[in-house]
Amino acid sequence: MGSGRVGGHVGGHVESRAKRPVVAIRVGWMWRSVTVGVAFATLFAVVTSMSVSGHRAAFTAPARALAAEQPAAVPAAAEKPAAENPSPELLALLKTFRSEFIEIKPGEKPYPATFRMGSAQVGAVAQPVREVRMSKPFWFAKYEVPQNLWQAVMGDNPSRWKGPRNSSEMFTWEESVEFCRRATASMRAAKLIEADESIRLPSEAEWEYCARAGTTTEYSFGDDASQLGQFGWFTGNAAGNDPPVGAKKPNAWGLYDMHGYLWEWCADAWHASYEGAPADGSAWTAGGEQNQRVLRSGSWKDKADALRSAARRAGDLRLRDDAVGLRCVLSKSGK
(Lines give C-alpha, C1' and ligand atoms only; values in the text may rest on other atoms or scores of the structure.)
Protein backbone atom coordinates (compact mmCIF):
# COMPACT_ATOMS: atom_id res chain seq x y z
CA MET A 1 0.00 0.00 0.00
CA GLY A 2 2.91 2.44 0.36
CA SER A 3 3.12 5.44 2.64
CA GLY A 4 -0.21 6.89 1.60
CA ARG A 5 -1.47 10.00 -0.11
CA VAL A 6 -2.65 13.10 1.66
CA GLY A 7 -5.47 15.26 0.39
CA GLY A 8 -5.81 19.00 0.75
CA HIS A 9 -3.83 21.47 -1.28
CA VAL A 10 -5.06 24.45 -3.32
CA GLY A 11 -2.24 26.93 -3.48
CA GLY A 12 0.14 25.01 -1.25
CA HIS A 13 2.15 21.83 -1.05
CA VAL A 14 0.61 18.42 -0.46
CA GLU A 15 2.69 16.39 1.96
CA SER A 16 3.01 12.63 2.19
CA ARG A 17 1.96 10.95 5.41
CA ALA A 18 5.59 10.14 6.14
CA LYS A 19 6.59 13.76 5.33
CA ARG A 20 9.40 12.56 3.14
CA PRO A 21 11.24 15.27 1.15
CA VAL A 22 10.59 15.46 -2.54
CA VAL A 23 13.10 17.32 -4.69
CA ALA A 24 11.68 19.44 -7.49
CA ILE A 25 14.44 20.84 -9.71
CA ARG A 26 14.39 22.72 -12.96
CA VAL A 27 17.87 22.39 -14.49
CA GLY A 28 17.49 23.68 -18.04
CA TRP A 29 19.40 26.88 -17.27
CA MET A 30 22.48 24.96 -16.12
CA TRP A 31 23.41 23.71 -19.55
CA ARG A 32 23.73 27.23 -20.93
CA SER A 33 26.11 28.40 -18.18
CA VAL A 34 28.52 25.54 -17.59
CA THR A 35 30.43 23.07 -19.70
CA VAL A 36 29.11 19.57 -20.17
CA GLY A 37 31.90 18.18 -18.01
CA VAL A 38 30.98 20.41 -15.07
CA ALA A 39 27.20 20.07 -15.51
CA PHE A 40 26.89 16.59 -14.06
CA ALA A 41 28.93 17.47 -11.00
CA THR A 42 26.87 20.61 -10.48
CA LEU A 43 23.61 18.74 -10.84
CA PHE A 44 24.72 16.17 -8.29
CA ALA A 45 25.65 18.88 -5.83
CA VAL A 46 22.28 20.60 -6.25
CA VAL A 47 20.32 17.38 -5.83
CA THR A 48 22.12 16.41 -2.66
CA SER A 49 21.81 19.85 -1.11
CA MET A 50 18.17 20.69 -1.82
CA SER A 51 15.23 19.54 0.28
CA VAL A 52 11.64 20.51 -0.52
CA SER A 53 9.07 19.14 1.89
CA GLY A 54 6.05 17.36 0.41
CA HIS A 55 4.70 17.08 -3.10
CA ARG A 56 4.91 19.75 -5.74
CA ALA A 57 2.53 22.69 -5.64
CA ALA A 58 -1.15 22.10 -6.17
CA PHE A 59 -3.14 22.72 -9.36
CA THR A 60 -4.24 26.29 -9.91
CA ALA A 61 -7.21 27.88 -11.64
CA PRO A 62 -9.11 25.70 -14.15
CA ALA A 63 -8.14 27.80 -17.17
CA ARG A 64 -4.42 27.67 -16.41
CA ALA A 65 -2.28 24.89 -17.83
CA LEU A 66 -0.53 22.51 -15.45
CA ALA A 67 3.17 23.22 -15.85
CA ALA A 68 5.61 20.49 -16.79
CA GLU A 69 7.69 19.12 -13.94
CA GLN A 70 10.55 17.92 -16.11
CA PRO A 71 11.65 18.00 -19.77
CA ALA A 72 9.73 16.00 -22.31
CA ALA A 73 12.46 13.48 -23.06
CA VAL A 74 10.79 10.17 -23.78
CA PRO A 75 12.26 7.30 -21.74
CA ALA A 76 14.30 4.67 -23.54
CA ALA A 77 11.44 2.21 -23.05
CA ALA A 78 9.30 4.25 -25.44
CA GLU A 79 11.82 3.69 -28.22
CA LYS A 80 11.42 -0.10 -28.18
CA PRO A 81 8.95 -1.72 -30.58
CA ALA A 82 5.68 -3.12 -29.31
CA ALA A 83 5.68 -6.84 -28.51
CA GLU A 84 4.71 -8.89 -31.57
CA ASN A 85 4.50 -12.04 -29.46
CA PRO A 86 3.36 -11.03 -25.97
CA SER A 87 4.88 -12.90 -23.04
CA PRO A 88 2.53 -15.07 -20.94
CA GLU A 89 2.49 -12.37 -18.24
CA LEU A 90 1.66 -9.60 -20.70
CA LEU A 91 -0.92 -11.76 -22.44
CA ALA A 92 -2.72 -12.42 -19.16
CA LEU A 93 -2.79 -8.72 -18.32
CA LEU A 94 -3.98 -7.80 -21.81
CA LYS A 95 -6.82 -10.33 -21.55
CA THR A 96 -7.87 -8.72 -18.27
CA PHE A 97 -7.58 -5.28 -19.84
CA ARG A 98 -9.78 -6.32 -22.76
CA SER A 99 -12.41 -7.79 -20.45
CA GLU A 100 -12.65 -4.51 -18.54
CA PHE A 101 -13.96 -2.44 -21.45
CA ILE A 102 -17.66 -1.57 -21.50
CA GLU A 103 -19.36 -1.28 -24.86
CA ILE A 104 -21.02 2.11 -25.29
CA LYS A 105 -23.72 2.26 -27.98
CA PRO A 106 -25.12 5.79 -28.29
CA GLY A 107 -28.78 5.69 -29.27
CA GLU A 108 -29.40 2.32 -27.61
CA LYS A 109 -30.63 2.25 -24.01
CA PRO A 110 -29.23 3.19 -21.59
CA TYR A 111 -26.94 5.28 -23.79
CA PRO A 112 -28.57 8.45 -25.18
CA ALA A 113 -27.76 9.59 -28.69
CA THR A 114 -27.09 13.13 -27.47
CA PHE A 115 -26.06 14.87 -24.27
CA ARG A 116 -25.57 18.40 -22.96
CA MET A 117 -21.83 19.04 -22.61
CA GLY A 118 -20.51 21.72 -20.26
CA SER A 119 -21.79 23.55 -17.21
CA ALA A 120 -22.41 27.18 -16.31
CA GLN A 121 -21.40 26.35 -12.73
CA VAL A 122 -17.90 25.33 -13.82
CA GLY A 123 -17.30 28.67 -15.54
CA ALA A 124 -16.24 30.00 -18.92
CA VAL A 125 -13.96 27.04 -19.68
CA ALA A 126 -17.02 24.76 -19.79
CA GLN A 127 -19.21 27.08 -21.86
CA PRO A 128 -21.17 27.51 -23.97
CA VAL A 129 -23.15 24.48 -22.88
CA ARG A 130 -24.11 22.68 -26.06
CA GLU A 131 -25.70 19.53 -27.41
CA VAL A 132 -23.32 16.86 -28.70
CA ARG A 133 -24.49 13.92 -30.81
CA MET A 134 -22.61 10.69 -30.14
CA SER A 135 -23.27 8.70 -33.29
CA LYS A 136 -20.45 6.15 -33.19
CA PRO A 137 -20.16 3.17 -30.81
CA PHE A 138 -16.98 2.63 -28.81
CA TRP A 139 -15.66 0.73 -25.82
CA PHE A 140 -14.72 2.64 -22.66
CA ALA A 141 -12.39 1.26 -19.98
CA LYS A 142 -13.93 0.62 -16.57
CA TYR A 143 -10.73 1.69 -14.85
CA GLU A 144 -7.74 3.96 -15.21
CA VAL A 145 -4.72 2.02 -16.49
CA PRO A 146 -3.19 0.12 -13.53
CA GLN A 147 0.53 -0.05 -12.89
CA ASN A 148 0.97 -3.77 -13.58
CA LEU A 149 -0.40 -3.25 -17.10
CA TRP A 150 1.69 -0.14 -17.74
CA GLN A 151 4.81 -2.00 -16.56
CA ALA A 152 4.11 -4.99 -18.80
CA VAL A 153 3.40 -2.88 -21.89
CA MET A 154 6.03 -0.15 -21.47
CA GLY A 155 8.80 -2.00 -19.62
CA ASP A 156 8.96 0.40 -16.67
CA ASN A 157 6.80 1.81 -13.90
CA PRO A 158 7.27 5.56 -13.40
CA SER A 159 4.52 5.86 -10.78
CA ARG A 160 5.31 7.46 -7.45
CA TRP A 161 2.61 5.61 -5.49
CA LYS A 162 3.45 1.98 -6.15
CA GLY A 163 0.92 -0.86 -6.28
CA PRO A 164 0.15 -3.36 -9.07
CA ARG A 165 -3.50 -2.34 -9.38
CA ASN A 166 -3.01 1.28 -8.36
CA SER A 167 -3.56 3.80 -11.15
CA SER A 168 -0.46 4.59 -13.23
CA GLU A 169 0.88 8.15 -13.04
CA MET A 170 3.99 10.26 -13.73
CA PHE A 171 4.04 10.12 -17.52
CA THR A 172 3.56 12.69 -20.28
CA TRP A 173 0.76 12.93 -22.82
CA GLU A 174 3.10 11.59 -25.52
CA GLU A 175 3.95 8.60 -23.36
CA SER A 176 0.27 7.87 -22.81
CA VAL A 177 -0.21 7.87 -26.60
CA GLU A 178 2.76 5.51 -26.91
CA PHE A 179 1.18 3.18 -24.35
CA CYS A 180 -1.96 3.05 -26.49
CA ARG A 181 0.08 2.32 -29.62
CA ARG A 182 1.96 -0.54 -27.99
CA ALA A 183 -1.14 -1.99 -26.36
CA THR A 184 -2.85 -1.93 -29.75
CA ALA A 185 0.00 -3.79 -31.45
CA SER A 186 0.25 -6.44 -28.73
CA MET A 187 -3.51 -7.00 -28.55
CA ARG A 188 -3.76 -7.34 -32.32
CA ALA A 189 -0.87 -9.84 -32.28
CA ALA A 190 -2.66 -11.83 -29.58
CA LYS A 191 -5.95 -11.56 -31.52
CA LEU A 192 -7.63 -9.90 -28.55
CA ILE A 193 -8.86 -7.12 -30.84
CA GLU A 194 -9.50 -6.99 -34.57
CA ALA A 195 -6.97 -5.68 -37.08
CA ASP A 196 -9.11 -2.58 -37.62
CA GLU A 197 -9.50 -1.82 -33.90
CA SER A 198 -7.23 0.43 -31.83
CA ILE A 199 -6.61 1.44 -28.23
CA ARG A 200 -6.52 5.24 -27.91
CA LEU A 201 -7.16 8.17 -25.60
CA PRO A 202 -10.78 9.32 -25.33
CA SER A 203 -12.00 12.52 -26.88
CA GLU A 204 -13.10 15.07 -24.29
CA ALA A 205 -16.70 14.64 -25.43
CA GLU A 206 -16.52 10.85 -25.03
CA TRP A 207 -15.06 11.33 -21.57
CA GLU A 208 -17.81 13.67 -20.34
CA TYR A 209 -20.53 11.60 -21.99
CA CYS A 210 -19.32 8.55 -20.05
CA ALA A 211 -18.75 10.48 -16.83
CA ARG A 212 -22.31 11.79 -16.87
CA ALA A 213 -23.75 8.35 -17.65
CA GLY A 214 -27.02 9.88 -18.83
CA THR A 215 -27.30 12.52 -16.10
CA THR A 216 -27.48 16.31 -16.30
CA THR A 217 -26.42 16.97 -12.70
CA GLU A 218 -23.06 18.28 -11.47
CA TYR A 219 -21.93 14.76 -10.60
CA SER A 220 -23.06 11.42 -12.00
CA PHE A 221 -24.81 10.72 -8.68
CA GLY A 222 -26.56 14.11 -8.39
CA ASP A 223 -25.73 17.59 -7.12
CA ASP A 224 -24.97 16.76 -3.49
CA ALA A 225 -21.18 16.95 -3.06
CA SER A 226 -21.47 15.39 0.39
CA GLN A 227 -21.92 12.03 -1.36
CA LEU A 228 -18.68 12.37 -3.31
CA GLY A 229 -16.66 10.25 -0.89
CA GLN A 230 -18.64 7.19 -1.96
CA PHE A 231 -17.60 7.61 -5.58
CA GLY A 232 -14.16 9.17 -5.72
CA TRP A 233 -10.84 10.04 -4.10
CA PHE A 234 -10.27 13.74 -3.42
CA THR A 235 -8.90 15.97 -0.66
CA GLY A 236 -11.79 14.99 1.60
CA ASN A 237 -10.84 11.31 1.87
CA ALA A 238 -7.47 10.61 0.22
CA ALA A 239 -5.25 10.98 3.31
CA GLY A 240 -3.25 7.83 3.98
CA ASN A 241 -4.70 5.87 1.04
CA ASP A 242 -2.92 4.26 -1.91
CA PRO A 243 -5.97 2.51 -3.36
CA PRO A 244 -6.31 0.07 -6.24
CA VAL A 245 -8.54 1.12 -9.12
CA GLY A 246 -12.24 0.53 -8.57
CA ALA A 247 -12.27 0.84 -4.78
CA LYS A 248 -15.18 3.32 -4.84
CA LYS A 249 -18.67 3.02 -6.28
CA PRO A 250 -19.04 3.15 -10.09
CA ASN A 251 -21.38 5.43 -11.96
CA ALA A 252 -24.61 4.15 -13.51
CA TRP A 253 -22.72 2.69 -16.51
CA GLY A 254 -20.29 0.71 -14.38
CA LEU A 255 -17.33 3.07 -14.78
CA TYR A 256 -15.08 3.62 -11.78
CA ASP A 257 -13.07 6.63 -10.58
CA MET A 258 -14.69 9.04 -13.03
CA HIS A 259 -14.77 11.58 -10.20
CA GLY A 260 -11.26 11.97 -8.83
CA TYR A 261 -8.35 9.65 -8.08
CA LEU A 262 -6.33 10.94 -11.07
CA TRP A 263 -6.76 13.55 -13.76
CA GLU A 264 -6.98 11.71 -17.09
CA TRP A 265 -5.37 12.69 -20.39
CA CYS A 266 -7.72 13.26 -23.34
CA ALA A 267 -6.87 13.45 -27.04
CA ASP A 268 -8.03 17.07 -27.45
CA ALA A 269 -5.82 20.13 -27.69
CA TRP A 270 -6.68 22.69 -25.02
CA HIS A 271 -9.23 25.37 -25.90
CA ALA A 272 -10.26 27.90 -23.27
CA SER A 273 -13.96 27.55 -24.15
CA TYR A 274 -16.28 25.45 -26.32
CA GLU A 275 -16.75 28.14 -28.96
CA GLY A 276 -16.37 26.35 -32.29
CA ALA A 277 -16.04 22.87 -30.75
CA PRO A 278 -17.12 19.77 -32.73
CA ALA A 279 -20.67 18.62 -32.02
CA ASP A 280 -20.18 14.99 -33.10
CA GLY A 281 -18.16 13.64 -30.17
CA SER A 282 -14.83 13.70 -32.00
CA ALA A 283 -11.59 15.03 -30.52
CA TRP A 284 -10.93 18.74 -31.05
CA THR A 285 -7.32 18.57 -32.19
CA ALA A 286 -7.14 21.63 -34.47
CA GLY A 287 -6.32 25.10 -33.22
CA GLY A 288 -6.20 25.96 -29.55
CA GLU A 289 -3.01 25.51 -27.53
CA GLN A 290 -1.06 22.81 -29.34
CA ASN A 291 1.45 22.43 -26.50
CA GLN A 292 -1.36 21.57 -24.06
CA ARG A 293 -3.96 18.82 -23.81
CA VAL A 294 -7.23 18.46 -21.92
CA LEU A 295 -7.32 16.83 -18.49
CA ARG A 296 -10.54 15.46 -16.98
CA SER A 297 -11.80 13.87 -13.73
CA GLY A 298 -10.10 15.81 -10.94
CA SER A 299 -7.75 14.05 -8.55
CA TRP A 300 -6.89 13.08 -5.00
CA LYS A 301 -5.19 16.49 -4.70
CA ASP A 302 -8.36 18.44 -5.53
CA LYS A 303 -11.44 19.73 -3.78
CA ALA A 304 -14.92 18.56 -4.72
CA ASP A 305 -15.59 21.26 -7.34
CA ALA A 306 -12.76 19.97 -9.55
CA LEU A 307 -14.37 16.50 -9.65
CA ARG A 308 -17.62 17.61 -11.31
CA SER A 309 -18.58 15.90 -14.55
CA ALA A 310 -17.93 19.06 -16.60
CA ALA A 311 -14.73 20.18 -14.84
CA ARG A 312 -11.70 20.46 -17.11
CA ARG A 313 -8.13 21.71 -17.07
CA ALA A 314 -5.16 22.10 -19.39
CA GLY A 315 -1.98 20.10 -18.98
CA ASP A 316 1.36 20.83 -20.64
CA LEU A 317 2.42 18.09 -23.06
CA ARG A 318 5.56 17.56 -20.95
CA LEU A 319 3.73 17.30 -17.65
CA ARG A 320 4.50 14.38 -15.37
CA ASP A 321 2.54 14.41 -12.12
CA ASP A 322 1.47 11.90 -9.51
CA ALA A 323 -2.12 13.13 -9.91
CA VAL A 324 -2.31 12.55 -13.70
CA GLY A 325 -2.99 9.21 -15.41
CA LEU A 326 -5.03 7.81 -18.28
CA ARG A 327 -8.05 5.77 -19.24
CA CYS A 328 -8.40 4.13 -22.65
CA VAL A 329 -10.98 3.77 -25.39
CA LEU A 330 -11.21 0.85 -27.81
CA SER A 331 -12.74 1.64 -31.18
CA LYS A 332 -12.56 0.98 -34.88
CA SER A 333 -9.40 2.60 -36.26
CA GLY A 334 -10.03 6.13 -37.39
CA LYS A 335 -13.16 6.47 -35.24
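In which loop is Pro-110 found? Pro-110 lies in the loop between β1 (101–104) and β2 (114–117), where helices (H or I, at least four residues) and strands (E, at least two) are DSSP runs numbered from the N terminus. The model is predicted, with local features requiring pLDDT of at least 70 and side-chain atom pairs counting only at pLDDT 80 or more, while totals for chains, interfaces and linings use all residues. Residues are numbered from 1 along each chain as its sequence is written, and side-chain values use heavy atoms, with hydrogens and water left out.

Most residues other than glycine have a negative phi, and most peptide bonds are trans. The bond joining Lys-109 and Pro-110 is cis, with omega about 5°. A cis peptide bond also runs from Gln-127 to Pro-128, with omega near -5°; Pro-128 is found in the loop between β2 and β3 (130–133).

Met-170, in the loop between α4 and α5, is not a glycine but has a positive phi of about 70°. Met-170 counts as buried, at 9% relative accessibility (buried: under 20% relative accessible area; exposed: over 50%; partly exposed: in between; 1.4 Å probe, protein chains only). Tyr-261, in the loop between α6 (204–212) and β6, has a positive phi near 75° and is buried, with a relative accessible area of 0%.

Helix α5 (residues 173–189) has 17 residues and reaches 25 Å from its first C-alpha to its last, close to the expected 24 Å, the expected span being 1.5 Å times one less than the number of residues. Its buried residues include Trp-173, Phe-179 and Met-187. Lys-191, with a positive phi near 60°, follows α5.
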